[in-house]
Amino acid sequence: QGTRLYLTTISKTLIEYWLFWFVGINIKQIIDNKKFWKMMSYLWLSLVVMILHNSFSNDIFGIILDGTGIYLMLADSFAIFSIFLLCLSNDIRKQTIIILISIVCLFALFSRASLYCFVIMAFLFLYKENKKIFFAVFLSFFAFIYFSISNGIIEDRMLRLLVGGADASYTMRAEDLNRGLSSLSDNWVLGSFMGDVESNFGNSGEYIHNYLYFWRQFGIIPFIAFLIIITYQTRYIFYAWINKKRVSRTLNVLFYFTVFALLEIITSRSYVFPYIWLSVSGINIFIKSEVEKQKL
């Protein structure tokens with residue numbers, strides 16, 4: 001089990017980092033492919049139907065497959081899928097529908113981080129695009145939460161952090177953070193790749209649930225380099241997004257995707273979360289294109 005976990009994690013790290021890096025490099029060509037996104041729209045609708053059908057078939061509103069709730073990767077992937085479709089649409093009505101449907105589906109997918117980060121990103125999007133719709137969706141969201149709590153429709157783990165109460169998952173993550181920081185203090189220069197698995201007798205799960213885990217795995221120099229790059233790029237993309245009168249689709253996708261990815265790696269995702277590398281390479285390409293435009 002331990003050897004298999006080591007090999008799987010190493011291969012996922014190498015393959016997934018580079019996979020999303022190359023997606024970011026070609027982000028404009030991907031965004032401009034209308035036929036591709038027409039097909040992706042039908043795929044998104046199919047996913048929505050499957051998620052809702054499965055959720056309404058259970059005692060609680062949630063995805064249950066083989067007796068197990070589905071978390072993390074499925075929820076993250078769906079949220080990111082929705083962000084792309086949201087940014088590629090030019091119709092505020094369609095965009096609002098995508099947001100509302102996505103929120104409902106993310107409730108069913110059981111990942112609180114994916115849901116909360118998507119909601120924050122969506123509110124930012126609506127506030128920028130149409131403040132009247134923003135306030136309508138904002139009020140509808142909290143009315144939906146109140147109705148769900150009152151009628152016991154949604155499994156309470158999805159709302160526990162908002163309404164209060166004991167939360168085993170939150171407590172366990174706090175314990176994982178303390179253990180990880182203690183181990184990090186012993187290996188802060190070079191890190192300790194897969195050190196959490198070693199200390200857990202060849203099993204995974206007890207790791208820092210944020211991107212400090214990147215430092216824990218690779219050491220201080222890669223971590224500082226990552227922070228410098230992502231800070232510079234986020235600052236650049238934010239000012240480009242807020243100052244441009246007409247925001248391009250590429251800029252919109254990169255900005256909102258990065259908002260979502262940063263919120264996740266700050267609050268809940270470890271170094272195996274690969275999506276942020278799309279931001280790193282995609283924003284770099286965007287910056288280069290802007291510099292070239294200024295030279296012309």
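1. In this predicted model, serine 41 is found in helix α3, which covers residues 34-56. With a relative accessible area of 29%, serine 41 is partly exposed, because the partly exposed class lies between the limit of 20% for buried and that of 50% for exposed. Its C-alpha is 9.3 Å from that of phenylalanine 81, although 40 residues separate serine 41 and phenylalanine 81 in sequence.

2. Serine 41 and phenylalanine 81 both belong to the contact of α3 with α4. Helix α4 comprises residues 73-88, and α3 packs with it at an angle of about 135 degrees, the two axes being 11 Å apart. That angle makes α3 oblique to α4, since only angles over 145 degrees count as roughly antiparallel. The crossing in which α3 passes α4 is left-handed. On the α3 side the contact is made by Trp37, Met40, Ser41, Leu43, Trp44, Leu47, Val48 and Ile51, and on the α4 side by Phe78, Phe81, Ser82, Phe84, Leu85 and Leu88. Sorted by class, the residues of this contact are 12 nonpolar and 2 polar, with no charged residues.

3. The pair formed by α5 and α6 is arranged as follows. Helix α5 (residues 92-108) packs with helix α6 (residues 112-129) at an angle of about 165 degrees, and their axes are 10 Å apart. This makes α5 roughly antiparallel to α6, because the angle is over 145 degrees. Here, too, the crossing is given as left-handed, with α5 passing α6. From α5, the residues Ile92, Gln95, Thr96, Ile99, Ser102, Ile103, Leu106 and Phe107 meet Ser114, Leu115, Phe118, Val119, Ala122, Phe125, Leu126 and Glu129 of α6. The residues of this contact divide into 11 nonpolar, 4 polar and 1 charged.

4. Two residues deserve a look alongside that pair. Glutamine 95 lies in helix α5 and counts as buried, because its relative accessibility of 6% is under the 20% limit. If residues up to four places away in sequence are not counted, glutamine 95 touches Leu86, Ser89, Asn90 and Phe125, and Phe125 is one of the α6 residues in the contact with α5. Phenylalanine 110 lies in the loop between α5 and α6 and, at 4% relative accessibility, also counts as buried. A reader checking the backbone may wish to inspect phenylalanine 110, whose phi is near 70 degrees, a positive value in a residue other than glycine.

5. What is the orientation of α12 and α14 to each other? The axes of helix α12 (residues 220-243) and α14 come within 10 Å and cross at roughly 55 degrees, and the two helices are therefore oblique to each other. In this crossing, which is left-handed, α12 passes α14. The α12 residues that make the contact are Phe226, Ile229, Ile230, Tyr232, Gln233, Tyr236, Ile237 and Ala240, while α14 contributes Ile276, Trp277, Ser279, Val280, Ile283, Asn284, Phe286, Ile287 and Glu290. The division by class is 13 nonpolar, 3 polar and 1 charged.

6. Within helix α14 (residues 276-295) lies serine 279, which counts as buried at 0% relative accessibility. Leaving aside residues up to four places away in sequence, serine 279 touches Gln233, Phe257, Thr258 and Asn284, and Gln233 is among the α12 residues in the contact with α14.

7. Serine 192 is located in a loop, the one between α9 (168-186) and α10 (195-199). At 19% relative accessibility serine 192 counts as buried, because the limit for that class is 20%. Apart from residues up to four places away in sequence, serine 192 touches Asn187, Arg216 and Gln217. Serine 192 and tyrosine 213 are 21 residues apart in sequence, and their C-alpha atoms are 10.0 Å apart in space.

8. For the chain as a whole, the model has 14 helices and 2 strands. Of its 296 residues, 46% count as buried. Among contacts with a separation of 6 or more, 76% are accounted for by residues 24 or more positions apart.

Notes:
Residues are numbered from 1 along each chain as its sequence is written. This is a predicted model: local features need pLDDT of at least 70, side-chain atom pairs count only at pLDDT 80 or more; totals for chains, interfaces and linings use all residues. Side-chain values use heavy atoms; hydrogens and water are left out. Helices (H or I, at least four residues) and strands (E, at least two) are DSSP runs, numbered from the N terminus. Buried means under 20% relative accessible area, exposed over 50%, partly exposed in between (1.4 Å probe, protein chains only). Contact means heavy atoms within 4.5 Å. Axes are lines fitted to C-alpha atoms, for helices over the stretch in contact, and angles run from 0 to 180 degrees between N-to-C directions. Angles under 35 degrees count as roughly parallel, over 145 as roughly antiparallel, 65 to 115 as roughly perpendicular and the rest as oblique. A crossing is left-handed if the near helix is turned anticlockwise from the far one by less than a right angle, and right-handed if clockwise. Ala, Val, Leu, Ile, Met, Phe, Trp, Tyr, Cys and Pro count as nonpolar, Asp, Glu, Lys and Arg as charged, and the others, Gly among them, as polar.
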